[in-house]
Amino acid sequence: MTDTLLAVDGLTKTYPGVVANDNVSFSIAPGEVHALLGENGAGKSTLVKMVYGLVRPDSGRMEFAGSPYEPASPHSARASGITMVFQHFSLFEALNVAENIALGMENPPPQRKLAKRIREVGKAFGLPLSPDRLVGELSAGERQRVEIIRCLLQDPKLLIMDEPTSVLTPQEVEILFETLRRLRAEGTAILYISHKLEEIRKLCDRATVLREGRVTGICQPSAESVRSMAEMMVGSTLKTPSRRPGTPGATVLDVAALSVAPASPFGTGLKDVGLDVRSGEILGIGGVAGNGQDELLAALSGEVRVVRGALRFHGNDIGNFGPVARRRLGLLAAPEERLGHAAVPDMSLTENALLTGAVREGLVGRGFLRWNRARAFAKRIISAFDVRTPGPASAARSLSGGNLQKFVIGREILQRPACLVVNQPTWGVDAAAAAAIRQALLDLAAEGAAVIVISQDLDELVEISDRFAALNGGRLSDARQVAGLTMDEIGLMMGGAHDLAPGNAAA
Amino acid sequence: MDLSVINPAVLAASLMVAATPILLAAIGELVVEKSGVLNLGVEGMMIIGAVSGYAVSVNTGSVFLGFVGAVVGGAMLALVFGVLTQVLLSNQVASGLALTLFGLGLSALIGESYLMVRPPPVGDLSLGPLADIPGLGKMLFRHDVIVYLSLALVGGVWAFLRYSRWGLILRAVGESHDAAHALGYKVIRVRLAAIAFGGACAGLGGAYLSLIRVPQWTEGMTAGAGWIALAIVVFSSWKPVWVLVGAYLFGGVAVLQLNLQAAGVEVPVEYLSMSPYLITILVLIIMSTGRGRSALNAPADLGRPFHAPA
């Protein structure tokens with residue numbers, strides 16, 4: 001055993017009903033990139049929150065740089081030299097870059113000096129940033145730069161990164177890895193959380209695998225295959241979705257010159273979007289979050305009405321149809337946000353089934369609800385999609401993310417859509433449930449439906465879609481056949497490549 | 001009808017006096033809302049300030065102690081709201097409305113024995129030669145100390161929010177309590193402090209009504225001033241300088257309609273007295289139709305409950 005920077009010994013944290021971490025131990029050496037691997041709910045986030053002082057462990061010890069370490073708050077963690085880049089950025093959209101950085105520092109210098117240091121550090125690491133810009137105007141990659149520079153300004157000994165690449169384009173990921181490798185060379189240790197295994201293979205020296213709150217293995221990622229690590233995470237063997245080959249039929253949905261105003265002050269409106277999708281085909285739409293995905297889904301589902309002629313369904317103009325009229329025709333949609341958009345959190349699964357299934361499943365008659373039919377429909381969804389829940393009377397809120405997502409997608413698929421639009425169908429869903437959802441979408445297309453999958457998970461899009469298009473700044477690229485498309489080309493389609501190159505890339 | 005009896009200098013001077021209670025309450029509410037809390041109980045805190053300031057100064061004979069009492073009274077009532085909404089996580093809108101009703105009732109109870117009493121008089125601040133400038137002196141430099149204090153408070157709040165670290169933290173908490181919590185800031189404590197400050201300002205504004213502007217205690221004497229203060233915060237799109245503009249605009253209309261009544265304008269009195277409120281409603285409608293700017297400026301987490309993850 002050489003020197004150790006952080007040693008975690010027997011950490012346990014229990015929440016009512018769940019053991020988030022059970023006797024977890026691992027250690028990190030200076031200058032090591034250490035991965036924490038595990039599915040959602042495996043306890044990775046709780047573990048790093050304890051290291052960062054946000055959550056107090058019930059029992060166990062930590063040692064940092066040779067002395068006992070018991071952070072009472074993030075302030076004391078930062079004072080010891082531990083900083084963190086959050087999964088969902090801990091940024092304030094209405095404040096500017098310098099103010100955001102000052103908020104994450106213990107003793108920030110006055111704004112003018114800070115602005116100068118932001119420029120200096122940005123230049124040194126090839127992460128250019130203007131201190132005066134509002135964070136709300138920045139792209140996801142630039143926002144992450146703000147977080148990273150905030151950490152770098154404090155000369156950290158240990159940098160924690162919680163799923164840093166989930167919102168980045170492939171090119172942005174390369175820039176991030178370049179930065180992390182430089183930090184490693186300077187002796188900074190990095191604790192890297194991700195479930196993207198290919199990245200971990202490329203970047204990390206060692207990996208600790210967590211499953212259901214316990215350490216189930218330690219491995220050297222470069223010596224493992226993606227499949228073997230995935231199976232360590234899941235604890236069983238994985239099925240890959242199978243695709244039935246078929247030829248696409250007639251055009252079902254045709255979108256031309258679609259423009260939509262942004263949904264929120266910092267949102268992105270759609271500009272002149274055109275696409276078409278044929279029966280039996282899956283059209284994948286990629287792009288970094290916040291480039292118009294929500295607006296596209298709202299325009300297709302009918303939440304936002306659009307100008308006449310922009311949307312044609314089987315050749316008929318449906319631009320001014322609301323969601324109910326579109327559902328009646330067979331154009332169904334499942335939005336990204338499960339709780340609060342796709343499902344009402346405090347209503348039962350029966351009620352939630354009723355909310356979108358009323359028209360096509362005949363769950364309403366003469367203005368009255370047909371409870372028996374609604375309950376039967378909810379039960380059908382639960383059994384067909386293996387939703388783990390006590391029954392259709394459970395509140396939507398009580399389901400885990402993966403189970404609720406299976407319910408939401410299943411609810412639409414069982415209504416036999418002619419065209420289904422889904423946004424982020426497997427976001428925050430564990431690997432087994434994600435595989436089931438992808439398989440269901442593939443089966444739906446094989447039965448002759450047209451499917452549009454909007455997602456930020458490129459691997460998912462490549463796996464299931466026939467054609468691929470990318471949203472960037474509210475514009476949609478031309479769709480291209482997925483077969484033969486390389487990751488580099490996809491990255492270029494997602495755009496932004498021009499403003500992502502490191503400042504010193506030419507040097 | 002004789003409009004020549006309206007003297008612009010007197011009008012300006014009384015405008016400042018009429019606007020001061022609203023200005024005080026509004027600048028306090030601005031700080032509260034900047035921290036992400038919507039306290040609809042401004043009216044209740046104002047009237048509690050009015051009655052407690054009145055009672056204290058009648059009993060002690062000191063106007064200064066009266067204002068101190070009003071500040072304490074307003075802040076204490078605000079903290080009731082703070083504990084309810086921040087610690088016990090009750091609904092902010094309902095709690096705020098309840099606070100107004102509770103304040104109106106409690107003040108009537110406390111004020112019962114002070115109905116026909118006169119408070120000690122308040123002298124105007126002597127600003128020496130400035131007060132003798134013709135016209136301008138009468139308009140600007142012959143007021144009581146609270147008028148100047150309210151102006152200083154607007155400047156102070158502006159500088160605090162813009163330049164100080166604590167002001168930055170307060171804005172951060174109002175923008176995203178989750179992010180602020182993740183960075184280790186005490187969201188609930190910051191909000192409680194802001195709520196108490198808002199209550200203190202509202203209380204001061206209420207006492208200005210009962211001790212200087214009227215000066216007398218009558219039941220329900222705030223007469224909607226708290227609601228106007230709330231409207232002005234939205235009108236200002238959460239900017240201190242615009243709170244000043246909004247309060248003086250409203251004060252101007254309120255004073256002008258009195259002058260027009262005195263000048264015998266042939267419009268029923270009721271229309272004139274409702275004009276300030278009508279204008280407030282109009283301004284709010286105009287503000288909310290131009291969705292962009294005011295929506296952009298509202299603190300993103302305004303009115304959202306914060307539940308700290310364990």
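Good morning, colleagues. Please keep in mind that the structure before you is a predicted model.

I begin with the sheet. In chain A, six strands make up an open sheet with mixed pairing, and their order is β6-β7-β8-β3-β9-β10. The edges are taken by β6 (82-85) and β10 (214-219) of chain A; each has a single partner strand, so one side of each is left without a neighbour in the sheet. On average, neighbouring strands of this sheet are turned by 20° against each other, direction ignored.

Strand β9 of chain A, residues 206-211, runs antiparallel to β10(A), and five bridges join the two. One residue of this pairing is Val209(A), whose bridge partner in β10(A) is Gly217(A).

I turn now to the helices. Helix α1 of chain A, residues 44-51, packs on the sheet and touches β3 (33-37), β6, β7 (158-162), β8 (189-193) and β9 of chain A. The direction of α1 makes about 150° with that of β7(A). Helix α8 of chain A, residues 226-234, also packs on the sheet, where it touches β3, β9 and β10 of chain A. Its direction makes about 165° with that of β10(A).

Finally, the interface. How many residues of chain A are in contact with chain B? There are 16, and they meet 13 residues of chain B. Helices α2 (74-80) and α3 (97-103) of chain A each supply at least two residues of this side of chain A, and α3(A) gives the most, with three residues. By class, the side of chain A that touches chain B comprises ten nonpolar, four polar and two charged residues.

Thank you for your attention.

Terms used
Residues numbered from 1 in each chain as written. Chains lettered and ligands numbered in written order. Predicted model: local features only at pLDDT ≥ 70, side-chain atom pairs only at ≥ 80, totals over all residues. Pairing = 2+ DSSP bridges. Helix = DSSP H or I, 4+ residues; strand = E, 2+ residues; numbered from the N terminus. Axes fitted to C-alpha atoms, helices over the stretch in contact; angles between N-to-C directions. Contact = placed C-beta atoms within 7 Å. Nonpolar A, V, L, I, M, F, W, Y, C, P; charged D, E, K, R; others polar.
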